[in-house]
Amino acid sequence: MTPPRTDTLEAALSRVFEGRMIDRASWFALTGGEALFHEGDPADTLYLVRSGRLGVFRHEPGQPSQFIGVVRPGEPVGEMAMLADAPHTASVVALRDSEILALPRDAFFEAARTEPDLMVELSRLMIQRARDRRSGAAEPSVFGFIGARHRPVRAFVERVGAAIQAMGFTCRIIDHSALSSAAEWFSRVEDAHDYVLYVAEADEPAWAALCERQVDRVFVIGDPLLAPPAATPRRTGPDEAHRRPDLILLRDARMERPANTRIWLDGLDPARWFHAAEDSAPDAARIARVVTGTSVGVVFSGGGARAYAHIGVVQALHDARVPFDFVGGASMGAVIGAGPALGWTDDELDARIRHAFVRSDPLSDIAFPIVAMTRARKVERLLQEAYGELLIEDMPLPFFCTSSNLTSGQVQIHRRSLLRQAMRASISIPGVMPPVVMNDQVLVDGAVLKNFPAEIMRQINSGPIIGSDVSQTRGVDPASLHNPSWLRWLVSGAWKKGPPIVAVLMRSATLTTDAEIEASRSITDLLIQPTPEGMDIRDWKTYDAPVQAGYAAAVAALSTLNGPATLLRRAREQTQAVVGPQAS
């Protein structure tokens with residue numbers, strides 16, 4: 001079976017809507033953000049998009065709304081529920097100003113009796129849409145870049161567009177000269193290009209307002225040395241991420257590091273935020289990957305000392321020239337992941353982890369176990385040395401780490417706050433280190449509730465996800481539980497990594513069910529599973545062997561790819577599209 005022939009379907013629909021049923025069809029317009037119908041509404045009408053675009057959103061109880069597809073001009077919407085005479089299973093919202101034709105259900109069936117091609121082509125379309133939504137197809141392709149600074153932003157957007165074209169896509173940049181164009185012109189341009197970028201400067205409010213209604217997603221481009229404007233873009237709709245804009249803080253090339261992000265986050269409340277230097281080609285290429293859904297998110301699991309293997313994974317990914325566009329992790333995975341997110345070289349990451357964990361015996365400040373086995377003062381000092389007063393939001397790359405909130409019983413996602421404080425919470429194994437109290441919430445190790453947070457990475461990155469997971473190697477060595485004499489334990493130096501109860505506490509606090517870990521792994525597009533053999537979870541002195549194991553595992557996983565890692569998700573979707581019809 002081949003994909004639906006949209007030309008045949010569009011012709012059949014045109015004959016229905018504009019032929020003898022023209023008197024029974026109605027026309028109306030939706031402004032950007034306005035809902036066509038909501039999940040659960042009765043389905044008694046077939047709709048046809050004449051211009052603009054609609055977004056399809058589905059809501060699961062207790063979860064944010066999920067964006068599952070785009071409906072373009074010439075395509076119907078609401079056909080599945082209408083044919084089944086069942087309520088709508090998703091909400092449909094105008095992504096930009098759109099024109100819609102509507103035909104009542106009984107009029108559609110009356111016309112379908114004289115249009116034999118119509119039901120066949122609709123069936124093909126429904127099958128294809130079901131596959132597309134499972135594979136994440138139909139991602140946004142029209143973006144607005146709205147200037148919120150005194151200096152023009154057009155040159156930066158042109159660099160992003162050039163980077164998109166360098167990937168092999170077609171791209172068109174539209175500026176204020178199109179302000180008087182008709183809706184059909186915008187639709188034709190969008191149909192003729194893979195990606196369309198609208199750009200509006202800060203002194204073009206009328207054009208900026210149109211751009212906000214005309215695009216799938218909005219980027220606000222600001223200056224980190226200035227305060228955000230009082231009025232900022234915000235659209236209506238069921239999906240929080242699509243209502244809120246993304247933020248790009250574009251700094252002068254002489255400004256070495258990002259800064260002052262907090263004031264923009266407080267004023268704009270963006271869904272995501274990015275840092276870029278004015279004339280940086282790599283930064284423009286990174287935004288281009290975000291736009292095209294080819295940005296790479298790398299996520300690291302917890303695993304105690306065995307998480308050293310992630311360092312080898314980082315080195316192998318760098319050697320293979322895999323970009324790091326988003327980084328996240330839990331527990332020790334977050335500690336390792338913060339290195340590339342901060343722009344550390346492999347040598348710098350190696351040196352800092354050796355200093356902080358291999359040579360410093362971080363868990364050697366044993367305490368009388370009232371709250372925990374250690375005081376964690378050494379850990380706090382080492383985190384202060386490594387990160388100082390750095391805020392997560394000021395990191396060069398988007399980064400998150402997780403902790404487990406004992407107050408609410410939920411995973412705590414840290415995307416803002418002091419990096420050292422969030423990291424201290426993320427590695428606070430219950431019973432081993434005292435919990436961290438932040439905003440009256442008691443936080444412990446992120447691995448307690450979510451040791452491999454791939455789901456969180458998927459929420460912020462639509463591109464490929466590479467996961468490094470050492471969950472399967474977190475067991476406790478039975479030999480380590482034999483009780484030696486206190487004197488032998490002290491003389492041998494084994495006390496520096498804590499008594500054997502530390503291993504028991506670490507293992508017990510971070511157990512993950514097979515179903516949960518498999519669900520997290522299934523989200524990744526490339527899964528790397530290092531197996532550092534012969535290591536105890538608290539064996540902080542054993543370093544080179546797990547790093548080498550991580551490097552070897554990453555090289556082996558990368559060798560299975562048939563193209564660049566940035567295209568992993570697209571290749572996966574294409575494979576599903578080919579395999580799917582054969583299974584029908």
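Q: Which residues do ring pairs link into a cluster?
A: Phe 143, Phe 145, Phe 219, Phe 274 and Phe 326 form the cluster. The model is a predicted one.

Q: How many aromatic pairs does a search of the whole structure find?
A: The search finds 15 aromatic pairs.

Q: Why is the pair of Phe 143 and Phe 219 called tilted?
A: Their ring centres lie 6.0 Å apart, and the planes meet at 35°. Rings pair if their centres lie within 6.5 Å, and planes under 30 degrees apart count as stacked, over 60 as edge-to-face.

Q: Are Phe 143 and Phe 219 buried or exposed?
A: Phe 143 is buried, and Phe 219 is buried too.

Q: What makes the pair of Trp 185 and Phe 186 edge-to-face?
A: The planes stand at 80°, with ring centres 5.2 Å apart. Edge-to-face needs planes over 60 degrees apart. The value of 80° passes that cut-off, so the pair is edge-to-face.

Q: Why does Trp 185 count as partly exposed?
A: Its relative accessibility is 24%. Buried means under 20%, and exposed means over 50%. Trp 185 at 24% falls in between, so partly exposed is the class.

Q: How do you know that Phe 186 is buried?
A: Phe 186 has a relative accessible area of 3%. The limit for buried is under 20%, so Phe 186 qualifies.

Q: Why are α11 and α12 called roughly parallel?
A: Helix α11 (residues 309-319) and helix α12 (residues 332-341) pack at about 25°, with axes 9 Å apart. Angles under 35 degrees count as roughly parallel. The two helices are therefore roughly parallel to each other.

Q: Which residues of α11 and α12 meet?
A: From α11 come His 310, Ile 311 and Val 314. From α12 come Gly 333, Ile 336 and Pro 340. By class, this contact has four nonpolar, two polar and no charged residues. The crossing of α11 past α12 is right-handed.

Q: At what angle do α12 and α13 pack?
A: The angle is about 145°, and the axes are 10 Å apart. Helix α13 covers residues 346-358. This crossing of α12 and α13 is right-handed.

Q: What residues make the contact of α12 and α13?
A: α12 gives Met 332, Val 335, Ile 336, Gly 339 and Pro 340. α13 gives Leu 349, Ile 353 and Phe 357. The residues divide into seven nonpolar, one polar and no charged.

Q: What makes Pro 224 count as buried?
A: Pro 224 has 4% relative accessibility. Buried means under 20%, so Pro 224 counts as buried. Pro 224 is found in the loop between β12 and α8 (240-243).

Q: Which residues does Pro 224 touch, not counting those up to four places away in sequence?
A: Pro 224 touches Leu 249, Leu 250, Arg 251, Met 255, Ala 259, Asn 260 and Trp 264. Pro 224 and Ala 259 are 35 residues apart in sequence, but 6.5 Å apart in space, C-alpha to C-alpha.

Q: How many helices and strands does the protein have?
A: There are 21 helices and 22 strands. Of the 584 residues, 56% are buried.

Conventions. Residues numbered from 1 in each chain as written. Predicted model: local features only at pLDDT ≥ 70, side-chain atom pairs only at ≥ 80, totals over all residues. Heavy atoms only, no water. Buried < 20%, exposed > 50% of the residue type's maximum accessible area, 1.4 Å probe, protein only. Axes fitted to C-alpha atoms, helices over the stretch in contact; angles between N-to-C directions. Helix = DSSP H or I, 4+ residues; strand = E, 2+ residues; numbered from the N terminus. Parallel < 35°, antiparallel > 145°, perpendicular 65-115°, else oblique. Left-handed = near helix turned anticlockwise from the far one by under 90°. Contact = heavy atoms within 4.5 Å. Nonpolar A, V, L, I, M, F, W, Y, C, P; charged D, E, K, R; others polar.
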